[in-house]
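Subject: Structure for your files

Dear colleague,

Here is the structure I said I would pass on. My notes on it follow below the display.

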Amino acid sequence: GNSFWDKEEGRIMAQQLRLGAFIFVAVALLAVCCAPGALAMRHITVNATWALKAWGFPGGGKDNVDGMKVIDVDLFDTNASQIATYKQQGHIVLCYFSGGSWESERPDADNPAWANLKIGKMSGWDELWLDIRDLTDLKTVMSPRMDLAASKGCDGVEPDNIDCFDNSDCYGTMKNPTVSNGGQVKQAQLTYNLWLASYAHSKDLLIAQKNCIDLIPQLYTSYDLALNEQCQYFQECDDYVTYFIGSGKAVFNVEYNPASCTASNQLGLRTKYCSAVSSDGNTCASSATWIDCFSKQSSLNGDGSGDGSASGDGAGGDGDGGGSGDGGGSGDGSGDGESDAWQYKPWSFFF
C-alpha cells in the first residue's frame with residue numbers, strides 16, 4: 001500500500017540530488033571564472049599594434065603611442081597616474097622589469113634577498129645576473145615587483161633576462177656547485193619562468209615571454225604574448241610563428257638593424273626597428289626613431305585587425321629606414337571591440 005509514496009519520495013529525492021549537483025557545478029565554475037587569476041585566460045592577439053617606451057635606447061625607451069593599442073613602459077619609471085591615463089585613452093599597458101638581473105638604481109635594490117642571488121656581471125650592461133636555482137629568494141624579490149605592477153594598474157608585465165641558462169656569463173659564474181653548461185640549469189630556468197607566469201596570472205596580470213627562445217615549446221601555453229629582440233637578424237623566428245602566432249598570440253619583434261617588413265608581415269610578427277643603431281649594436285642610436293612594420297590604428301577600440309602593414313623592408317639601407325617600411329600601410333585599424341585586442345575565453349579552461 002506504500003509503493004506509490006515510496007516511488008514518489010524516490011522521484012523527489014532524485015530531483016533534489018540533480019539540483020544539488022547542478023548548483024555545485026555552477027558554483028565551482030563561477031569560482032574559477034571569477035577568482036583571482038581568471039584574467040590569465042586572456043592573451044594579446046596577433047594584430048595588436050604596440051609602442052615601446054620601456055627600453056631600446058641608451059638610458060631607456062621612447063616611442064609614439066598614438067594609434068598603438070599596447071604600450072610597454074618601465075614599471076619603476078612610470079607612475080600610476082600615467083598608467084591610468086593610458087588606459088583611459090584605450091591602451092593596454094605592459095610594465096617592464098628585469099626578472100633575471102640586479103640593477104643598482106632600482107628602488108628595491110637594497111632588499112637583503114638580492115645578496116644570495118647576485119652572480120656574474122651581464123655582458124654589455126651594468127647589471128648582475130641572478131642565480132635561477134634559488135627559487136625561494138627569487139620569489140622574495142620578484143613577487144613584490146608584480147604586486148607593484150598590479151597596484152599601479154598595469155594590465156601585464158614584461159620580465160626581462162629570463163634566459164640565464166642560455167648565457168655563459170650567467171650560468172658560468174654559478175657556485176656551489178659550479179655549472180659548466182646551460183643544460184645543467186635549463187630545468188631550473190623553466191621552473192622559474194613558469195612560476196613567473198603563474199604568479200602574474202594570480203594577480204590578474206598578462207605576461208610576455210621575453211626572448212628565451214629555446215623554451216618556447218614549454219612556455220607558450222603559460223604566456224600571453226611574446227616579445228623578442230632580433231629573431232630576424234639571427235634567423236630564429238620559426239618557433240614564435242609555430243607556437244605563439246599559431247595560437248593566436250602576438251609576437252612583438254624588435255630589430256636594431258634595418259629589417260625586412262615584407263618578411264616580418266609574412267611571418268605575422270609585429271616588428272619595429274631602429275632608424276639607426278648604436279655603435280655597440282645593443283640599442284638604437286640616441287638620435288634614432290622606431291620604424292614600424294605596421295600601421296597605427298585610427299581607433300583604439302579594436303585590435304588593429306583592419307590596419308595596413310607597411311610594405312617596405314629597409315633592408316640593405318643605411319639605417320634610415322630606406323624603403324616605405326614606415327608604418328604607412330592602408331586601412332583604418334578598425335576592430336570590433338577591445339575583446340579582440342586581448343581575448344578572454346573562460347570556457348577554454350574547461351573544454
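Glutamine 230 counts as buried, because its relative accessibility is 8%, and the cut-off for buried is under 20%. Please keep in mind that this is a predicted model. Glutamine 230 sits in the loop between β10 (225–229) and α8 (238–244), and its phi is positive, about 70°, although it is not a glycine.

Asparagine 211 is a second case: its phi is positive at about 55°, and it is not a glycine either. It belongs to the loop between β9 and α7 (216–219). With a relative accessible area of 13%, asparagine 211 is buried. For context, most residues other than glycine have a negative phi, and most peptide bonds are trans. The peptide bond between asparagine 176 and proline 177 is cis, with omega about 0°. Proline 177 is located in the loop between α5 (168–171) and α6.

Now the sheet. It is open, has nine strands with mixed pairing, and runs in the order β2-β3-β4-β8-β9-β10-β11-β12-β13. β2 (50–52) and β13 (290–292) are the edge strands, each pairing on one side only. On average, neighbouring strands are turned by 25° against each other, direction ignored.

Within it, strand β4 (residues 92–98) pairs with β8 in the parallel sense, over five bridges. Serine 98 is opposite aspartate 160 in β8. Aspartate 160 belongs to strand β8 (residues 156–160) and counts as buried, because its relative accessibility is 9%. Neighbours within four places in sequence aside, aspartate 160 contacts Tyr96, Phe97, Ser98, Gly99, Gly100 and Lys210.

Further along, strand β11 (residues 251–255) and β12 run parallel and are joined by four bridges. Phenylalanine 252 is opposite arginine 270 in β12. Strand β12 (residues 270–274) has five of its five residues buried. Both of its faces are covered, with Arg270, Lys272 and Cys274 on one side and Thr271 and Tyr273 on the other.

Helix α4 (residues 135–152) lies across β4 and β8, at about 160° to β4. Helix α6 (residues 186–202) also packs on the sheet, where it touches β8 and β9 (206–210), and its direction makes about 160° with that of β9.

α4 has 18 residues and spans 25 Å from its first C-alpha to its last, close to the 26 Å expected at 1.5 Å a residue. There is a kink of about 25° at valine 141, shortly before proline 144. Buried residues of α4 include Asp137, Val141, Met142, Arg145 and Met146. Among the elements covering the buried residues of α4 are α2 (80–88), β4, β8 and α6. After α4 comes glycine 153, with a positive phi near 95°.

Which residues have the most contacts inside the largest nonpolar core? They are Ile44, Met142, Met146, Met174, Leu196 and Phe252, in a core of 85 residues. α6 gives the most to this core, with seven residues. Methionine 146, leaving aside neighbours within four places in sequence, is in contact with Phe97, Val157, Trp195, Leu196, Tyr199, Ala200 and Leu205. Another core, of five residues, lies apart from the largest one, and Ala259, Cys261, Tyr273 and Cys293 are among its members.

Regards

Conventions
Residues numbered from 1 in each chain as written. Predicted model: local features only at pLDDT ≥ 70, side-chain atom pairs only at ≥ 80, totals over all residues. Heavy atoms only, no water. Helix = DSSP H or I, 4+ residues; strand = E, 2+ residues; numbered from the N terminus. Buried < 20%, exposed > 50% of the residue type's maximum accessible area, 1.4 Å probe, protein only. Contact = heavy atoms within 4.5 Å. Pairing = 2+ DSSP bridges. Axes fitted to C-alpha atoms, helices over the stretch in contact; angles between N-to-C directions. Expected span 1.5 Å × (residues − 1). Bend = angle between axes of the 7 residues up to and from the residue. Core = buried A, V, L, I, M, F, W, Y, C linked by side-chain atoms within 4.5 Å.
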